[in-house]
Amino acid sequence: MTREVDADKRATLRRFAALGAATPLAASGRATAADGSDDESAARDAIRGYLATTPGAHFSKLRDDLSLATGETQHHLRRLESAGEVASQKDGDYRRYFPAGQFSAFERRALGYLRRETPRGMVLTLLATPDASGADLARALDVSRPTISTYAGDLSDAGLLETEDGYRVARPEVVITLVVRYADSFGADAVAFADDAASYISYDG
């Protein structure tokens with residue numbers, strides 16, 4: 001059983017390490033962050049690759065998806081943050097991680113909420129149906145009206161939702177771009193939305 005677990009871990013790390021080795025910061029970071037054993041280098045390359053495709057992942061998800069131990073994950077993330085390759089920010093009970101220097105504060109907040117099922121469902125529903133009411137959202141997501149109200153307040157405080165005269169997603173084209181770019185890492189609802197995304201984007205011209 002241990003050999004099977006180790007083999008699965010190595011396969012997972014190799015898959016994401018191939019992506020991480022190709023990230024813009026990998027070459028410069030290797031001199032400071034990836035010194036040490038080949039296993040350490042592979043783990044840090046895997047974290048780079050994982051965050052390139054799953055920005056805004058919280059610590060536990062990153063650890064579990066890469067099959068790393070808690071202490072191992074903490075060690076590598078500290079080294080990558082110290083090297084300026086990874087940035088993190090607190091998000092409620094979570095600490096979320098991003099490739100450094102790639103996202104604005106608004107985009108980081110949006111990515112964090114898009115990684116939560118109900119807020120993501122609210123945002124996707126409002127992008128597809130801008131005139132949806134609180135009752136419409138509750139029915140669409142099969143949650144209570146108070147749940148919608150609570151998350152609407154959170155999204156509004158984060159600057160992602162405008163709540164005057166109904167609900168509207170702030171900076172919708174930025175949010176749509178994030179959904180489409182990272183749809184596979186969010187879930188089936190985001191993938192379905194991304195398939196129809198062109199119809200939700202308006203262009204000036």
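Author: Contact here means that heavy atoms lie within 4.5 Å. The model is predicted.

Reader: Which elements do the buried residues of H10 pack against?
Author: Helix H10 covers residues 172-181, and Val-175, Ile-176, Leu-178 and Val-179 are buried in it. Down the axis of H10 these buried residues fall within an arc of 160°, so they line one face of the helix. The elements they pack against are H6, H7, strand E5 (168-169), helix H11 (183-186) and helix H12 (188-195).

Reader: How many helices and strands are in the protein chain?
Author: The chain has 205 residues, and buried residues make up 41% of them. Among contacts between residues at least 6 apart in sequence, 56% join residues at least 24 apart. The elements in the chain are 12 helices and five strands.

Reader: What length does H9 reach from its first C-alpha to its last?
Author: H9 spans residues 145-157, which makes 13 residues. At 1.5 Å a residue, 18 Å is expected. The computed reach is close to that, at 18 Å.

Reader: Within what arc do the buried residues of H9 fall?
Author: The buried residues of H9 are Ile-148, Ala-152 and Leu-155. Seen down the helix axis, they line one face, because they fall within an arc of 65°.

Reader: Which exposed residues does H9 carry on the face turned away from its buried side?
Author: The buried side of H9 is covered by elements that include H6 (105-114), H7 (117-128), H8 (134-141) and strand E4 (161-162). Exposed means over 50% relative accessible area. On the face turned away, the exposed residues are Pro-146 and Asp-157.

Reader: Is Met-122 buried or exposed?
Author: Met-122 sits in helix H7. Leaving out residues up to four places away in sequence, Met-122 touches Leu-137, Leu-141, Ile-148, Tyr-151, Ala-152 and Leu-155. The cut-off for burial is under 20% relative accessible area. At 0% relative accessibility, Met-122 counts as buried.

Reader: What distance separates the C-alpha atoms of Met-122 and Leu-161?
Author: Met-122 belongs to H7. Along the chain, Met-122 and Leu-161 are 39 residues apart. Their C-alpha atoms are separated by 9.9 Å.

Reader: Which residues is His-58 in contact with, leaving aside neighbours within four places in sequence?
Author: His-58 has its place in strand E1 (residues 57-58). Its relative accessibility is 18%, so His-58 counts as buried. Beyond its sequence neighbours, His-58 is in contact with Tyr-94, Arg-95 and Arg-96.

Reader: What is the volume of the largest cavity?
Author: The count comes to one cavity of 30 Å³ or more. The volume of the largest cavity is about 50 Å³.

Reader: Which helix gives the largest share of the lining of the largest cavity?
Author: The residues lining this cavity are Ala-110, Tyr-113, Leu-114, Val-123, Leu-160, Val-169 and Val-175. They divide into seven nonpolar, no polar and no charged. The largest share is three residues, and it comes from H6.

Reader: What is the phi of Asp-142?
Author: Most residues other than glycine have a negative phi. Asp-142 lies in the loop between H8 and H9. With a relative accessible area of 72%, Asp-142 is exposed. Although Asp-142 is not a glycine, its phi is positive, about 60°.

Reader: Where is Asp-165 found?
Author: Asp-165 is another residue other than glycine with a positive phi, near 55°. Its relative accessible area is 81%, so Asp-165 is exposed. Asp-165 is found in the loop between E4 and E5.

Reader: Which residue with a positive phi follows H9?
Author: H9 covers residues 145-157. Phi is near 80° in the residue that follows, Gly-159.

Key:
Residues numbered from 1 in each chain as written. Predicted model: local features only at pLDDT ≥ 70, side-chain atom pairs only at ≥ 80, totals over all residues. Heavy atoms only, no water. Helix = DSSP H or I, 4+ residues; strand = E, 2+ residues; numbered from the N terminus. Expected span 1.5 Å × (residues − 1). Buried < 20%, exposed > 50% of the residue type's maximum accessible area, 1.4 Å probe, protein only. Arc of directions from axis to C-beta. 1 Å grid on protein atoms, 1.4 Å probe; cavity = no way out; pocket = protein on both sides within 12 Å on 5 of 7 lines; lining within 4 Å. Points joined across faces, edges and corners; volume = space filled by probe spheres on them. Nonpolar A, V, L, I, M, F, W, Y, C, P; charged D, E, K, R; others polar.
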